[in-house]
Each structure stands twice: as structure tokens, then as C-alpha cells.
Amino acid sequence: PKLAATSPDAPMAALTSLLAVLGFQPLGPAAVPRCTGRTTAIGMQEYSLNSFPLPGPIKPVNGQTLIKLARADESTKGGLFLASDNAEKPREGIVVAVGDGRVHPDTGVVLPVAVKKDDLVLLGDFSGEQVDYCGTSHQFLPEESILGVFEGGVSGSVNGFRPLRDLLLVKITESATSTSSGIALAVGEDEAAPQGEVLAVGPGGITSTGGVAPMQIAKGDFVMFTQFSGADVVLEGGKFKVVRAANCMAKW
């Protein structure tokens with residue numbers, strides 16, 4: 001006897017019906033969870049890197065960090081739309097994952113990274129690699145590209161800003177425009193005096209054995225630092241510089 005003809009889709013239809021009875025729902029491309037806490041029907045969270053599926057959350061290596069960047073403003077204060085190429089890149093982000101630390105080449109000691117997951121950080125540059133992680137723009141950055149952490153997660157807070165390692169937050173002193181006798185001085189508008197008041201101090205640089213080197217500069221000191229050193233940052237209350245203690249030439 002001849003066997004009854006079976007549709008090629010019959011096995012798949014039967015499987016779909018069985019899964020529906022068990023409470024499972026088929027997933028289409030639009031239903032793939034991004035790293036937002038949603039899970040699949042079997043209780044597993046799904047991750048992706050540049051659209052490639054991952055077996056689990058990504059783990060940076062050495063001194064690398066994975067940062068979820070804040071969104072850049074897409075218009076000026078007057079409402080003028082800015083093209084993406086001209087828009088200023090965001091300077092803040094949330095730490096998503098952190099490496100175990102880099103190994104010192106002389107001592108073999110693992111030097112841990114100074115930030116942790118969920119920290120809100122201020123970034124100095126974007127020398128790392130931009131990636132799409134779970135459908136959202138992220139950046140791999142070395143620890144050296146991070147200027148500090150906003151304690152309590154308060155964005156732009158001067159009082160809550162904690163510089164990393166041997167970094168200092170400095171309030172720039174306005175350049176003098178005349179001498180005591182009234183003679184005008186030629187000072188460029190874009191030139192900032194390389195001195196200012198220290199508003200926050202990092203704990204100190206890390207040594208080759210993983211210890212902390214003591215800082216010779218304290219909060220409240222005034223310092224002079226080398227021209228063009230440090231990073232310009234804008235926080236509540238104005239413009240500031242984040243400079244390394246090693247770039248300071250004098251204090252008072």
C-alpha cells in the first residue's frame with residue numbers, strides 16, 4: 001500500500017503546535033532579546049556583538065573596559081540640527097564590563113582596573129574600538145582613557161567627581177590681562193593660564209607591585225602644570241582641566 005503524501009511543512013507545524021501547548025512561542029528576528037534583562041522562553045539571556053550571537057556576556061581582557069556611551073546631543077541650544085559628523089561625541093558612559101587588569105611586564109603582578117561595573121565615568125578620549133553590543137553602541141576603552149567616576153551616578157557633578165589614579169581636577173585660574181601698573185598684556189582668547197585650584201585628587205598612581213603611590217598634591221592646593229597637558233572638561237560650574245600630578249611643576 002502507498003503511504004499518504006505528507007507536506008514538507010507538516011513536521012515543523014507539529015513541532016510548533018507542541019511548543020505552543022507547552023507554553024513556548026516562536027521567536028522572530030524582531031523578538032530577539034537585547035541585553036535588557038529579557039530572556040528566551042527557556043530562561044536564557046541572549047547576547048550579540050556586531051550582530052553575531054554570543055554564548056554569554058562579553059568579558060574584556062587585560063586593562064580593557066566596555067563602556068555604554070551616553071547619547072550625544074543632536075541639536076544646538078537654538079534648535080539647529082547638527083549632522084552626525086559635526087555632533088560632539090559623548091564624554092560620559094556606563095561601565096558594562098571590566099577586564100581583570102594588565103600584567104606588569106617586570107613584576108608579573110596583575111594591576112586591577114580602577115573602575116567597576118555600573119560606574120558612571122567621564123571619558124578623556126575615544127582611542128578604543130566602537131562596537132554594537134546587544135543592539136546598542138558601546139566602546140572598548142583602556143583604563144587610561146577614563147578620567148574619573150561620578151560618585152552616586154550624578155552626571156556632571158563637581159562635588160561627586162572622583163579622579164582615577166594620579167589625576168587631578170583643576171579649576172582653571174583666569175589669565176591676567178594687565179599688569180599692576182595697567183599695561184595691557186597680549187593674551188590669546190583661547191589660551192588658558194596653566195594653573196588653577198585643585199578641587200579633587202585621585203588616590204595615587206599604581207606601583208609595579210599593585211600598591212598605591214602617595215600623592216604630593218592635595219585638594220585645595222593651587223598648581224602650575226605644563227602647557228597643553230591634561231584634558232579639557234565641562235562640568236557644572238564651568239570649564240575644568242583633568243591633569244596628571246606628574247605634569248604639575250609647582251604648588252602653593
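Two strands are said to pair if DSSP finds at least two bridges between them. This report applies that idea to a predicted model.

**The sheet**

An open sheet is built from six strands, arranged in the order β15-β16-β12-β13-β14-β17 with antiparallel pairing. Its edges are β15 and β17, each of which pairs on one side only. From one strand to the next, the twist averages 40°. Within this sheet, five bridges join β12 to β13 in the antiparallel sense, and Lys171 stands opposite Glu197 in β13.

| Strand | Residues |
|---|---|
| β12 | residues 167-172 |
| β13 | residues 195-201 |
| β15 | residues 231-235 |
| β17 | residues 248-251 |

In soluble globular proteins, nonpolar side chains tend to be buried together. The largest nonpolar core here has 26 residues, and those touching the most other members are Ile67, Val115, Val121, Leu147, Leu169, Val233 and Leu235. Among the elements that give two or more residues to this core are β3, β4, β7 and β10, as well as β12, β15 and β16. Apart from this core lies another, of 10 residues, including Leu168, Val170, Ile217 and Cys248.

The contacts of Val121, not counting residues up to four places away in sequence, include Ile67, Val115, Ile146 and Phe150.

**A buried serine**

Ser157 is found in the loop between β10 and β11. Ser157 counts as buried because its relative accessibility is 10%, and the cut-off for buried is under 20%. Not counting residues up to four places away in sequence, Ser157 touches Phe150 and Glu236.

Key: Residues numbered from 1 in each chain as written. Predicted model: local features only at pLDDT ≥ 70, side-chain atom pairs only at ≥ 80, totals over all residues. Heavy atoms only, no water. Helix = DSSP H or I, 4+ residues; strand = E, 2+ residues; numbered from the N terminus. Axes fitted to C-alpha atoms, helices over the stretch in contact; angles between N-to-C directions. Core = buried A, V, L, I, M, F, W, Y, C linked by side-chain atoms within 4.5 Å. Buried < 20%, exposed > 50% of the residue type's maximum accessible area, 1.4 Å probe, protein only. Contact = heavy atoms within 4.5 Å.
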